[in-house]
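Me: Please set out the packing and the charged pairs of the structure shown here.

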Amino acid sequence: MLYKQCFGTFFNIGVTMDYIPSEIEKKWQKTWDKNKTFKASEEPSGKKYYCLEMFPYPSGKLHMGHVRNYSIGDIISRYKRMRGYNVLHPIGWDSFGLPAENAAIKHGVHPAGWTWKNIEEMRRQLKTLGLSYDWDREIATCHPDYYRWEQLFFIKMFDKGLVYKKSSTVNWCADCNTVLANEQVVDGKCWRCSNVVTSKELEQWFFRITEYAQELLDGCEKLTGWPERVTTMQKNWIGRSTGVEVRFPVDGTKDGFIEIYTTRPDTIFGVTFMSIAPEHPMVRELCKGKKQEKEVLEFVQRMRRTSKIERTAEGGVKEGVFTGAYAINPLNNEKVPVYVANFVLLDYGTGAVMAVPAHDTRDFDFAKKYSIPVKRVIYKDSPDEPLEQAYTEPGTMINSGNFNNMNSDNAIDAISDFIESNALGKKTVNYRLKDWGISRQRYWGCPIPVIYCDKCGIVTVPEEKLPVLLPEDARLEVIGDNPLSKIESFVNTKCHKCGGNAKRETETMDTFVESSWYYARYACPDDNVNGLDKKRTDYWLPVDQYIGGIEHAVMHLLYVRFFHKVLRDLGYLSGNEPAQNLLTQGMVVKDGFKMSKSKGNTVDPDYIIDRYGSDTARLFSLFAAPPERDLDWNDKGVEGCYRFLSRVWRFVDANRDILNKKYPPVKGNEHKLRDLRSLAYKTLEKVTADIEVFHFNTAVAAMMELTNEIYRVETASLGDTEKAVLCEVTELLMLMLAPYSPHICSELWELLEKGRDISCALWPEVIREAIIEDTVTVVVQVNGKLRSKLVVGIDTDEQAIRELAFNDANVRKFTANSQVKKVIYVKNRLLNIVV
């Protein structure tokens, strides 16, 4: 029995039933699971809606941040289903990754066992929330059925030239003992563990994301459904700039030169030294045999132990060392010293910089520190004004040969043309974005489908040999140690071309690769032919609403856009973007900090659900703050949401004898509850509009207000028409509340014998005739011509309207000094003044 009976009188019923969320919610979760209520329909004539929250990493336990994220997606999905859409609302697990490996080592278990156990627990928790997922589409990225296709995509990309391997200076996290992509370094620290990141020289696999840099940049303008903050961050990260590449010959050499890239060719006559990156391949050659050689090489080694982020940090120490070599400025033939400088990076531009201290703040500070001359080539008002700091604004050219007296903005194009026409360099476009390094020196990830053969070199694994399985007999004993290289049965293999002995790649892919295409796999998770069924992906994609955190702006959200374009060009997908709309939800905050295990301020959803029910947990997470803002955890707020649901329950339960009867449709507004009915449809209008724009909190407030008005009804004195209205209004409330708190609404719907589950009901339509407007617009005419409009309360007294009209400034223009012959008034519509 789902209810406990308690005795006492409530309204006009002698026996009521308590609201017991735990029993009700278990019942409906089993019903939905058994009936596959939320299984996505692919009926081709139906309108589709694909709602997707960023899938979770199976860390072991949900927290209230998860509850909020998934509740947002669920209300959208349930609402769209009630609007008649074929809704795809899937869930899965981003289940490869470093935390599983480290936890497995710490607890002496295998990462697979740890991961699958956590998935089982988190799946249980998600189901207790009553989320409308199509569980038949559940995926886990650590399963071979998933990553075999990722390996195939890698091979296809390799064949297309979008994958390559090279030696590179990489970001290195010693704590995680692995490489990090540039996007994974935040303020000089590892995005995962916050350890300081250093530099290291390694051979790495790269995805050629720069091949799509311009398309990624141009696409930002078309992502009108994404927050401007996200697209701005991506534009800045891609960092397109136009400039010129110029070759500075190295003094004393026949053909040696240092190539630089600059966006300020107007300052090239002001170069007084050159700066090159410590990793630049010319460093050893430049200092070889010179007295500075030892100092230079020691400096280079020290820089290799320092992260790129630390070296280039705003306000950081700028230091360098003279190589003993000189370069020749090709525009004025001046000889300038070449320095190795910590702030120059090999992977930005050419790895060398022409230094103009008079017009660059960083170069100015460096020149002052090392007593290097400063040469002004642009001035504002007078060429003789003192130069106490770098002048970086436009001005008039000086000390620049034939370009003297020219405006510096105009000189940019003029000097660029001169450089190119005289074969001193070329105009070019540069990007801050660098290729995506995907090699990870860890075990728990997708194996890279490559072997190394002494005869054939690098060979990709044939498609029929996929997947390359991650061996289950790996022994993980030390954090940071990659066991794959020690498993002979995995490493040693045969070359697929010549049949000779070969060795497998022992590094695994960055786990961001898995999350770069999972949204497409949801459209066809059972496809075992190509991995992606184009007919089905064409139906479901793009994602209509994507939901996740702003912290993924230049990591996952950039990678997923890149991968979509690659899969499009490989023939797997259509369209140019993975998601049409993006909502970046705020964090859940408690005691002034983001909820996290490290802060010790998490709230266990199981505790909230056990005490108040998942309907309350969901409702609070949607009511406490707009979704894009941070939510401050408040125990009293949770209790308030529980009390609200209890009030809804009690009213419906107490008035079942009225609410479960059939009544003729209500017609007209000539009844005692016309104001309540009007409010109900106004509330429906507002809730509908609010859900469409994700103003979930204000929609809940409106439903609470409607509930208060329902409670004012004296049910004992109602006639049949008023009972029909009360029934109509209560049904509207349950239908509006259902996407927020579906269990209680499903139970009450069934209790009142309203037919099939409310989760399958259609969203109600606003009956405009039921809405009683509080105000009307009265048109004011003078001699039949429109002169003003008055917004007044309905049925306002005619005399009051006359006074407002004659005091209206525009009406007075046409009535002043004129004799009023007649005033014609049509109630609530028109006032015509005849003069």
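Reply: Contact means heavy atoms within 4.5 Å. This is a predicted model, in which local features need pLDDT of at least 70, side-chain atom pairs count only at pLDDT 80 or more, and totals for chains, interfaces and linings use all residues. Residues are numbered from 1 along each chain as its sequence is written, and side-chain values use heavy atoms, with hydrogens and water left out.

Me: Leaving aside its neighbours within four places in sequence, which residues is Tyr740 in contact with?

Reply: Neighbours of Tyr740 within four places in sequence are set aside. The contacts of Tyr740 are then Ile75, Asp615, Arg618, Leu619, Leu622, Ile691, Phe696, Ala699, Val700 and Met703.

Me: Is Arg536 buried or exposed?

Reply: A salt bridge (a side-chain nitrogen of Lys or Arg within 4 Å of a carboxyl oxygen of Asp or Glu) joins the side chains of Arg536 and Asp526 at 2.8 Å, N to O. Buried means under 20% relative accessible area, exposed over 50% and partly exposed in between, with a 1.4 Å probe and protein chains only. Asp526, at 51%, is exposed. Arg536 has 18% relative accessibility, so Arg536 counts as buried.

Me: Is Lys686 buried, partly exposed or exposed?

Reply: The side chains of Lys686 and Asp690 form a salt bridge of 3.0 Å, N to O. Asp690 has 7% relative accessibility and therefore counts as buried. At 36% relative accessibility, Lys686 counts as partly exposed.

Me: Which residues are linked with Arg561 in a network of salt bridges?

Reply: Arg561 and Glu577 meet through their side chains at 2.9 Å, N to O, and both residues are buried. Linked with Arg561 in the network are Glu215, Lys565, Arg568, Asp569 and Glu577.
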